[in-house]
Amino acid sequence: MRPQSVETPRSAEPKWKNDFPLDYGEDEHVSRREFAKFLVLTSLGLFVGNCWIALKQWFGPSKGGFPQIRIAALDQIRIGEMLQFRYPDEKSPAILIRLSETELVAYGQKCTHLSCAVYWEPGDGRIACPCHHGFFDVRDGHVLAGPPPRSLPRIPLRIQGADIFATGVEI
Amino acid sequence: MSDIKDAQKNITAQKRNAILAGIISILCIFVIAQVWLLTAALEAYLAGNPDVAIPAALVAAGCFALAAGLLRYLPD
């Protein structure tokens with residue numbers, strides 16, 4: 001049989017216990033009212049997130065069109081080679097691939113899975129993501145294998161004289 | 001509003017429990033719906049589909065307004 005505990009009178013307790021009279025359990029306690037208020041706060045956070053996406057959509061670059069930027073000269077890239085550039089801004093890496101004498105393709109370099117940098121595998125004729133083994137078709141950027149959920153964003157090109165220009169981003 | 005609060009003072013603890021549980025359940029449904037809306041809007045935005053973000057934001061605003069409105073009915 002367990003001995004019955006004898007409660008210490010309040011006056012006999014140390015001073016700090018009188019200064020902070022809350023039990024640990026009471027301190028951790030979350031009432032249902034508090035939980036309901038927390039749910040409403042979560043709802044507010046999710047609403048703000050939705051607004052942020054709507055604002056990004058409204059004021060995003062697709063509304064204003066894309067700049068036309070010279071990437072390189074034709075003779076700078078040989079058949080089967082890959083060239084890195086940045087488009088439409090300095091924060092967006094992209095790759096230009098020359099498939100044949102007349103055929104050039106360009107894609108955004110961020111994998112659509114978790115934004116790792118993809119690279120061109122000339123032997124296999126595909127673009128690979130080294131992080132989780134995602135693979136994209138080099139002809140149109142669609143997913144061949146792996147976890148990426150979407151095709152790579154394609155960058156339409158225009159060849160003017162001996163120069164290659166990027167003209168937009170097709171998602 | 002004060003009528004509701006006055007009426008809530010006269011109900012039993014069991015009924016107050018039921019009201020609180022009902023409000024929390026409805027709030028959970030709103031939050032789950034908003035998580036789904038946010039996911040769908042983000043997915044559509046990243047896929048370049050412009051038709052989803054604004055309706056999703058409007059519905060999320062409605063959910064938040066209803067959730068905040070429900071707070072007024074929380075029993076003391």
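## A first look at chains A and B

Read along the sequence, chain A runs α-α-α-α-β-β-β-β-β-β-β-β-β-β. That pattern holds 4 helices and 10 strands. Keep in mind that this is a predicted model. Of the 171 residues in chain A, 23% are buried.

**Where the two chains meet**

Let's start with helix H3 of chain A, residues 32-59, which meets helix H3 of chain B, residues 53-71. Their axes come within 9 Å and cross at roughly 160°. An angle over 145 degrees counts as roughly antiparallel, so that is how H3(A) lies relative to H3(B). The crossing of these two helices, H3(A) and H3(B), is left-handed.

H3(A) also meets helix H2 of chain B, residues 13-46. Here too the axes come within 9 Å, but the crossing angle is roughly 20°. Angles under 35 degrees count as roughly parallel, so H3(A) is roughly parallel to H2(B). H3(A) passes H2(B) in a left-handed crossing as well.

What kinds of residues make up the two contacts? The table sorts them by class.

| H3(A) with H3(B) | 20 residues | 3 residues | 1 residue |

**A helix with a buried face**

Back to H3(B), which has 19 residues and reaches 27 Å from its first C-alpha to its last. That is close to the 27 Å expected at 1.5 Å a residue. Its buried residues are B:Ala53, B:Ala56, B:Ala57, B:Ala60, B:Cys63, B:Phe64 and B:Ala67. Seen down the axis of H3(B), they fall within an arc of 120°, so they line one face of the helix. The general rule behind such a face is simple: an α-helix has 3.6 residues a turn, so residues three or four places apart point the same way.

Most residues other than glycine have a negative phi, and most peptide bonds are trans. The peptide bond from A:Tyr87 to A:Pro88 is cis, with omega near 0°. A:Pro88 sits in the loop between strand E2 (82-86) and strand E3 (93-98).

A:Ser115 has a positive phi, near 65°, and belongs to the loop between strand E4 (104-108) and strand E5 (119-121). With 13 other C-beta atoms within 10 Å, A:Ser115 is partly exposed. A:His133 has a positive phi too, near 55°. Look for A:His133 in the loop between strand E6 (126-129) and strand E7 (134-137). Is A:His133 buried or exposed? With 11 other C-beta atoms within 10 Å, A:His133 is exposed.

Key: Residues are numbered from 1 along each chain as its sequence is written. Chains are lettered from A and ligands numbered from 1 in the order in which they are written. This is a predicted model: local features need pLDDT of at least 70, side-chain atom pairs count only at pLDDT 80 or more; totals for chains, interfaces and linings use all residues. Axes are lines fitted to C-alpha atoms, for helices over the stretch in contact, and angles run from 0 to 180 degrees between N-to-C directions. Angles under 35 degrees count as roughly parallel, over 145 as roughly antiparallel, 65 to 115 as roughly perpendicular and the rest as oblique. A crossing is left-handed if the near helix is turned anticlockwise from the far one by less than a right angle, and right-handed if clockwise. Ala, Val, Leu, Ile, Met, Phe, Trp, Tyr, Cys and Pro count as nonpolar, Asp, Glu, Lys and Arg as charged, and the others, Gly among them, as polar. The expected span of a helix is 1.5 Å times one less than its number of residues. A residue is buried if 20 or more other C-beta atoms lie within 10 Å of its own, exposed if 12 or fewer, and partly exposed in between; C-beta atoms are placed from the backbone. The arc is that of the directions from the helix axis to the C-beta atoms.
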